[in-house]
Every structure is written in C-alpha cells, then in structure tokens.
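Colleague: Hi! Could you walk me through this one?

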Amino acid sequence: MTAPVLAAEKINTYYGHSHILRGVDFRVMPRETVSLLGRNGMGKTTLLRSLVGLVKPRTGHVIFNGADITGNRPSFIARAGLAFIPEDRGIFPNLTVIENLTFAARPGRGTRPDWTLERIYSLFPRLAERRTHWGNELSGGEQKMLSIGRALMTNPDIILFDEATEGLAPKVRDEIWATLRQVAATGIAAVVVDKNLDDLLALAERHVVMAKGEIVFDGTTQVLKADEALIHRHLGV
Amino acid sequence: MDLVLTQIFNGLQYGLLIFLAASGLTLVLGIMGVINLSHGSFYMLGAYLSLTLTSLTGDIFLSLALGIPIAFLFGAAIEWLFIRHLYARDHLQQVLLTFGLILVFNELQRMIWGTFPHSVPIPSYLSGSVKIFGLMSYPVYRIAVAGLCILLALAMMFVIQRTKIGRMIRAGESNREMVEVLGIDTRLLFRFVFAAGVSLAAAGGIIAAPIESVYPGIGESVLITSLVVVVIGGIGSVRGAFVGALLIGLADAFGKVYLPQFASVVVYALMAAVLVTRPGGLFGRA
C-alpha cells in the first residue's frame, strides 16, 4: 500500500485556551488533489497552518513523506517540499514579480521536471508581461497567480491552498481553476480550500468536510454528491 | 558663503555618520519589530574599539577592518543571548530589556576603558586640510570619513536591492511569516540583520573617533538622533534613513549657526513637521 505524502494523526490544536482542532486525522496520497470544505470558523485554515508548522498541535503528529515533522519550523517543512498559499496570498509588495517568483526557488527532489520561470510564464502569460512590476501593483487575480507561481517555483511535493479563489472576479476564478487542474496533472499533490463546491467537485477526487474542529466527512466526489443532507448541513448549499 | 559651504559639508558628513547608526536601527525595527534602545551602545563600542585597535595597529583603517567583524560577532552574540527573545514580545518589554542593556554596556565600558575621555589620532597621511572650490579649507580626514560612509551606504543599497539576502531583508520587512513559510530560516536572517546593524553602527563609531573624542555615553546622543532619523525616513526604509540622516545633519549644522538658541530643538521640529505631513515618514508606509 502506498504511504500518504502528508498525514495528520489525531492532532489537537489550540489558540490559547480555545480548542480548535479536535483529534483530526487527515491524509493526502501522492498525486492526489483533496478539497477541504466547511463553513467559516470550522478549522480549515487552522488545519493547514498546523500542517505547515505555523501553529504547533498540542498533541498528535504530522507526518510528511514518512518523517514526523510535528513541531518543526515552517522553513524546515517548506524546504522538505511542502508549499502553502495563504488566503491573503502573502505577496511581498516591495519585491517585483520576478523577485517574488525567484525568492524561494529551489530544485525539486522528485522525478518531475522542475518548474522554471519559463514554465511559470507560459502558465501565466500575464505574469511575464508584468515581471518588472512591484507586488503591490498587481490586481488581486494577478497576485493569486503570482502566489501559485511562487509556490511552484519551490518545486514542492504538495501545495496547500487556502481560499483559492476568494474575492476574485468570475473570469479570473475560471482561470485559477483551469491552472489548478493543469498543476494537478503534473503530479503535485494538493489540498484546496474554497467555497465554490461545484468547482471543487470538478477538481478533486476526494473531499474532506470539517465542522467544529472535527472531520465529519471524508469520501469521493460521488459519495459527497449523493449525500444531500450533509451538503445542506455543513456546506449550506 | 564660506560659512554656508562649511556647514553644508559639516552637516552632510555628520548626517552620513548618523546614517550608519540609523540604518541598522531602522532595519531591526522594520524587520524584527524590535525597538532597540541599546543601538547607541554599538556606536560607543565602535568608538572604544577604535581607541584600542588604533593603539595596537597604529592605523584607523586597520582598526576599521578588524573592528567590523568583531562588532558583527558581538552583535550576533547579543542577538542570540537577548534580542531573539523579544520578537514575540510587546514594545514595553523590548524597551525595558534594551534599556537594561545600555546600563550593562555603560558599566562594562567603565570597567574596561575607565571614565576619562580619550582621543584617537588622525592618520598622518590624512591630516591637514584642502582648499575646496578655492573658497574654504576643509579637513582631509572629514572628507575621507564622508567618502567612506558613502561607500558603505552604496554597498548596503547594493546588497539590499540586488542580492538574495537583500531580497530576504525586504521581504521580511513586509511579511515575516511568509518568508519563513517559503523556507527561509528567519532565525538566521534576523541574526544576520541584527549583527550587520551592529557592525554598521560600530563602523560609524570607529571612523568618528578621531573627529570627536571618545568618552562614556558617546552613543546616547547618537541613539536619540538615530531614532529621529528612523521616524523621519519611515520605519524599515534604508533609503528613508539615508535621506533623513542627511536632513538631520544639515538641520543640526545650520541650526547651530543660525539659530543657536534653538539649536537643540531644530531636529525635533523637523521630525514634528514630517510627522504632521507624512505620518509614516518620508519613505515609509503610512
């Protein structure tokens, strides 16, 4: 049996006294795209932040490529091959597009061909046009593209993408979804958080639904689509 | 005319020296979010290193070449021992600890070098004066100090704008967490930035020693002026610190001559004027 590329084992994460994640088990297999769903405040972002080391789970373990990375620094985890794109995109406003893209560029460890500036520019021609612009001169959509490009330039094994299309115009959203499908096809595993259920159902093979810091569903597109009560209760659709 | 020109030169040269101290202060505040009141002590360290090293080597520039790496290591040690514990703490705790460091450094200075003022000799090949524009004569050593400061400022701007570590420094100024998430160990980045800031302030103290005498508490006025420069230039902006330091240097030089009764408040008046018109500083984010 193949081992997961990334797994959380019974993690409990707190913010001060608030118990946010309650014994969460979560795993992503190699090459797999998983959607992470749930209403606001249910613990999706906290789960992502626990996986990348930005918050340390009080109990439980995070396993990445077979190694226990619980409590490791985010920089160590990132260099091990885990990329995170936060909801606010985290673009450096005082760096140019090129500087943002090459900021953390490093060769990959796997057999996949490395992402290069040329590949990023062919994925996002808009970034090529704006390569000398400052980060804060870009539109929201362009910043989103830049954040994806920058994550890809680290040649990760997995990308965790928080609120992938939040606040974007419909046309730009479609562009981002199309890009994510292209990226998934290259074999990089991904966890995608978003509010657009239909797009996530089209993109991911497996879906995980969170409610009140716990995982209440973990299954395929087919099973989730069939469970209308669950969709209504936890996703408000 | 002679006096105006002399004061322009004096102001620029003083401003350039202050820039060396202020640039480290602004980076530490902008990137690590730490208010470091002990920054003036590193200028003092430079002045006393200048005293000791020049008496050993016989040359101020050899002292500078030795003093910068010594100060860098000293800065890295101070960051590791004390400053790194402040990153997640509030400004009051930062002010308390770094103020405590001033007291410790001052006591150490008294134990090692005593309380008498000292002077550091100007090297013979830079003694004397030259005629500038056929109008005024100006000490060669002061011109050399200004030139050296400009070189250091250019080198720093090059590092910040054109190198990988410079990109990290700029990125850290806008989003520390993202720098770490992208795989840069911010512990090492912060240690480097702090140590570089200490060595720049010490470099200022070393080359200024032959101009001023070396005395206890020499760094305290530098700290206050540097803080004013950081506010004027904008927190975290090295370019802002450069412009701010030159403005302060000129304001101080002309204030002393033309408004002697208000000389001590001229630089603060300038700071107040900048704060009213641009609260984020000249090059800062409002």
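This is a predicted model: local features need pLDDT of at least 70, side-chain atom pairs count only at pLDDT 80 or more; totals for chains, interfaces and linings use all residues.

Colleague: How many residues of helix 6 of chain A are buried?

Modeller: Eleven of the 13, so helix 6 of chain A is largely enclosed by the rest of the structure. Buried means that 20 or more other C-beta atoms, placed from the backbone, lie within 10 Å of a residue's own. Helices here are DSSP runs (H or I, at least four residues), numbered from the N terminus.

Colleague: And which residues are those buried ones?

Modeller: Among them are A:Met145, A:Ile148 and A:Arg150. Their cover includes helix 3 (97-102) and helix 7 (170-185) of chain A.

Colleague: New topic: how many residues of chain A are in contact with chain B?

Modeller: 17 residues of chain A are in contact with 15 of chain B; contact means C-beta atoms, placed from the backbone, within 7 Å. Helix 2 (residues 74-79) of chain A gives the largest share of chain A's side, four residues.

Colleague: What does A:Ile158 touch?

Modeller: Leaving out residues up to four places away in sequence, A:Ile158 touches A:Val5, A:Leu6, A:Val28, A:Leu82, A:Ile188, A:Ala189 and A:Ala190.

Colleague: Which residues of helix 11 of chain B meet helix 10 of chain B?

Modeller: Those are B:Ala263, B:Val266, B:Val267 and B:Leu270.

Note on methods
Residues are numbered from 1 along each chain as its sequence is written. Chains are lettered from A and ligands numbered from 1 in the order in which they are written. Two residues are in contact if their C-beta atoms, placed from the backbone, lie within 7 Å. Helices (H or I, at least four residues) and strands (E, at least two) are DSSP runs, numbered from the N terminus. A residue is buried if 20 or more other C-beta atoms lie within 10 Å of its own, exposed if 12 or fewer, and partly exposed in between; C-beta atoms are placed from the backbone.
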